[in-house]
Amino acid sequence: MGGEEMIDLRSDTVTKPTEEMRKAMAQAEVGDDVYGEDPTVNELEKLAAKIFGKEDALFVPSGTMGNQVSIMAHTQRGDEVILEANSHIFWYEVGAMAVLSGVMPHPVAGKNGVMDPDDVKKAIRPDNVHFPRTSLITIENTHNRSGGRVIPLENMKEIYSIAKEFGINVHVDGARIFNASVATGIPAKEYARYADSVMFCLSKGLCAPVGSVVVGDSEFIKRARKARKMLGGGMRQAGVLAAAGIIALTKMVDRLKEDHENARFLAMKLREIGYQVNPEDVETNMVILRTDNLRVNASVFLKELEENGVLASSLSDTEIRLVTHKDVSRSQIEDALNVFEKLFRKLS
């Protein structure tokens, strides 16, 4: 099938900007953001800070850069960072925290991405000349490798309380924090109360073409801005990108509910077909399908899907991730289900 006909369930990163975004980008008022003179970037940053109840914000090209400038701003070389063992920062950011910040990760195994506060407390290094200093704890909400699971607010509150007891900062990789907010009805500002910094993406379910934002207090953002420049992320007339981000925050958050409904529908129908899927695990816009009861592993199954017009991604040899988003309609999901049913008969 041609690329235009493919049903793309690989990720919500494949979303295209809306027509309103494209028009806003074309008409954006711009200036040199490195000089702080881009009015549209400034507007986006003020809006983000207000939504999250923080003093300031920083527009960055990507979520990975947002996480890394945050780590750089919170830590010193030789420090240790506590993070969940399946977190994006640990798995998918090219070892950047070691290379860029000179810090060491201390992975803590969680359940569905949720770290036990007692385990986090035990992972904090005592003051000893032989040990690195624990200077940061990171939390990922929603949790990608756990299938878009929401980290409960109470869990974040407990970990934040422990962190403050030991004088440690907390950073939230909130790439999909608005998915968590829509799923629970808890405002993003409430999640941000239990973090010293939050990074969130504009270019996933919110459909902007480029960009993420980091929020925190003004001194933190000042350090993060310098780190962004060091990494080559000082952009000039970036208002053409920020314009789409403003629409993402003001127009695209509530519609995430539709993605969540489509994901639950997909999960229920896959289970009816006979696939190993638990619809109760679907909290946001991701479905994890296991291939244990098929005669092929995940990579072979993905090839079969692609040959039949459906794109997906794998988390392991036995796990496939399906992500719903704006550019996959309910009717396209039904078309994809026909493919899944055909392949189940063939491969089970």
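This is a predicted model: local features need pLDDT of at least 70, side-chain atom pairs count only at pLDDT 80 or more; totals for chains, interfaces and linings use all residues.

Reader: OK. How much helix and strand over residues 8-290?

Author: That stretch is 43% helix and 15% strand, and its end C-alpha atoms are 19 Å apart.

Reader: And how many helices and strands in the protein?

Author: There are 14 helices and 12 strands. The radius of gyration is 21 Å, close to the 20 Å from the globule rule for 348 residues, so the protein is as compact as a globular protein of that length.

Reader: What box do the C-alpha atoms fill, and what share of residues is buried?

Author: Along the principal axes, the box is roughly 60 × 55 × 35 Å. Of the 348 residues, 55% count as buried. Also, among contacts with a separation of 6 or more, 75% are between residues 24 or more positions apart.

Reader: Switching to helix 14: what span should it have?

Author: Helix 14 covers residues 330-347, and at 1.5 Å a residue its 18 residues should span 26 Å. The end C-alpha atoms are 25 Å apart, which agrees.

Reader: Which of its residues are buried?

Author: In helix 14 those are I333, A336, L337, V339, F340, L343, F344 and L347. They cover an arc of only 165° around the axis, which puts them on the same side of helix 14.

Reader: Nice. What covers them?

Author: The cover for the buried residues of helix 14 includes helix 12 (256-273), helix 13 (298-307) and strand 9 (286-290). Strand 1 (7-8), strand 10 (310-311) and strand 12 (319-323) are also included.

Reader: Now the backbone. Where is the cis peptide bond?

Author: The cis bond joins N141 and T142, with omega about 0°. T142 sits in the loop between strand 5 (134-140) and helix 7 (153-165). Most peptide bonds are trans, and most residues other than glycine have a negative phi.

Reader: Which residue has a positive phi near 60°?

Author: V94 does, and V94 is not a glycine. V94 lies in the loop between helix 4 (88-91) and helix 5 (96-100).

Reader: Is V94 buried or exposed?

Author: V94 is exposed, with a relative accessible area of 80%.

Reader: And what about C207?

Author: C207 has a positive phi too, about 75°, and is found in the loop between strand 7 (197-201) and strand 8 (212-216). C207 is buried, with a relative accessible area of 0%.

Terms used
Residues are numbered from 1 along each chain as its sequence is written. Side-chain values use heavy atoms; hydrogens and water are left out. Helices (H or I, at least four residues) and strands (E, at least two) are DSSP runs, numbered from the N terminus. The expected span of a helix is 1.5 Å times one less than its number of residues. Buried means under 20% relative accessible area, exposed over 50%, partly exposed in between (1.4 Å probe, protein chains only). The arc is that of the directions from the helix axis to the C-beta atoms. Contact means heavy atoms within 4.5 Å. The radius of gyration is taken over C-alpha atoms; the globule rule is 2.2 Å times the number of residues to the power 0.38.
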